[in-house]
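Please examine the model shown here together with the report that follows.

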Amino acid sequence: MSRLQTYKNFILNNAAQISSLESSVRSLTYLLYGRLENADIGVEAVHASVDLISFFHNILLDKEITQHSQSLPVASQLFNRYTREALSQSKAYKIVAYTLTIIRHVEIIVEMFSRKIGGERLQWNIVTFLETLKLTCRIILLKLLKNRMLLYPSVPEPMQDLSQLNSAETNTDNDDSDTAKWNAPRSGKQMVRISTILDENISNEPSMDPFEALLTGKPISKDKSVSYLLSKALTSPLKGPLELVSSFKGLALVGEWVYILRPLIYVLAIKKYGKESWKPWVLSLGLELSSFAAMWNKPISALEKDEYKRRVLLIFLYLVRNPFYQQFTKPRIDSVIESSSKIPIVSLFSAILKEYQPLWEEYHFYTSVHN
């Protein structure tokens, strides 16, 4: 047995403890931000390390997680089907998607470290480099996906609680011990399993309806059940997972290009005009709104609709970007913090908010749009 397989078995056997440890460390990092002098880099390094370890665990246990995917919401199931199909069809996609995911996990700690050792000049040079690298990855993904909308993230959604894998195995064992019936996940109604009503020795009675048999548990012939299912089956060819997202053409494709180019254009504008200038802020917002407008009338699938909603919600990040933040948002946040500082319980949240303020004021990637 290889060391990797041994490690995989260790994770599976101790999934609950590992998930609990990862969750505890993440929670601890949130609480420690701003509370220890000059400890932000160390705290962010721990947070990034936990994210990378969790990402590696999800890659290692992808087969087991895929088998457990039926318990996820429908939207997550569709998203994971799409991204897993893209990963399986192209080795280049897998390399680029994994690279982009790793960059997203470490970009904040890299920016923090560069500012610590080289000041703002090195910080913005590193930010420009990372945004250029991310743009390169996104362009490659756009070409590999044949001009389809780039979803976030570019890999299947991670399972944060690996202990669910163990519970899934337990549920499977319980299901095997009670093969006669099962509970419908949405309605909770108890239904009879098809295997219990199929009987090759039963004559094909024309009076017995297969749907009625499912409800009553009365046996019917296998031939009649198959004929019934075929009569209800789709006659049109089924679409592959990649068809869950359509290819862009014309104005919609231009809009997608504008959206993926915008982060680098924004950083370059900041380097030229400075953080206090309105030009980068207005330029970036204008490009983003133009991208939305270009895709406004395009028919979109469920996955594209979810991604479009995510992008629209991220517009609110402009409220904490300079110069809008310094002139409008910050005074109001300071006022709220000051007025709630003496209110029990509420003061705890206002204190945490105050400790996080320097992070989004000084570091680009805390308020950058993930895409």
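Glu307 is found in helix α13, which spans residues 302-313; helices are DSSP runs (H or I, at least four residues), numbered from the N terminus. The model is a predicted one, in which local features need pLDDT of at least 70 and side-chain atom pairs count only at pLDDT 80 or more, while totals for chains, interfaces and linings use all residues. Residues are numbered from 1 along each chain as its sequence is written, and side-chain values use heavy atoms, with hydrogens and water left out.

The relative accessible area of Glu307 is 4%, so this residue counts as buried (under 20% relative accessible area, with exposed over 50% and partly exposed in between; 1.4 Å probe, protein chains only). Its side chain makes a polar contact with the side chain of Arg310, at 2.8 Å. A polar contact is a pair of N or O atoms within 3.5 Å; within protein, one must be able to donate a hydrogen and the other to accept it, and residues adjacent in sequence count only if both atoms are side-chain atoms. Leaving aside residues up to four places away in sequence, Glu307 touches Met149, Leu150, Leu151 and Tyr152, where contact means heavy atoms within 4.5 Å.

Leu150, Leu151 and Tyr152 are also among the residues nearest the centre of the second largest cavity. A cavity is a set of points on a 1 Å grid over the protein atoms alone where a 1.4 Å probe fits but cannot get out, and lining residues have an atom within 4 Å of a point. Grid points are joined across faces, edges and corners, and a volume is the space filled by probe spheres set on the points. There are two cavities of 30 Å³ or more.

Helices α11 (250-273), α12 (278-294) and α15 (346-362) each supply at least two residues of its lining. For the second largest cavity, α5 (74-89), α6 (91-144) and α13 each supply at least two lining residues.

Tyr30 lies in helix α2, residues 15-32. Because its relative accessibility is 43%, Tyr30 counts as partly exposed. Tyr30 touches His47 and Tyr356, not counting residues up to four places away in sequence.

Key. 1 Å grid on protein atoms, 1.4 Å probe; cavity = no way out; pocket = protein on both sides within 12 Å on 5 of 7 lines; lining within 4 Å.
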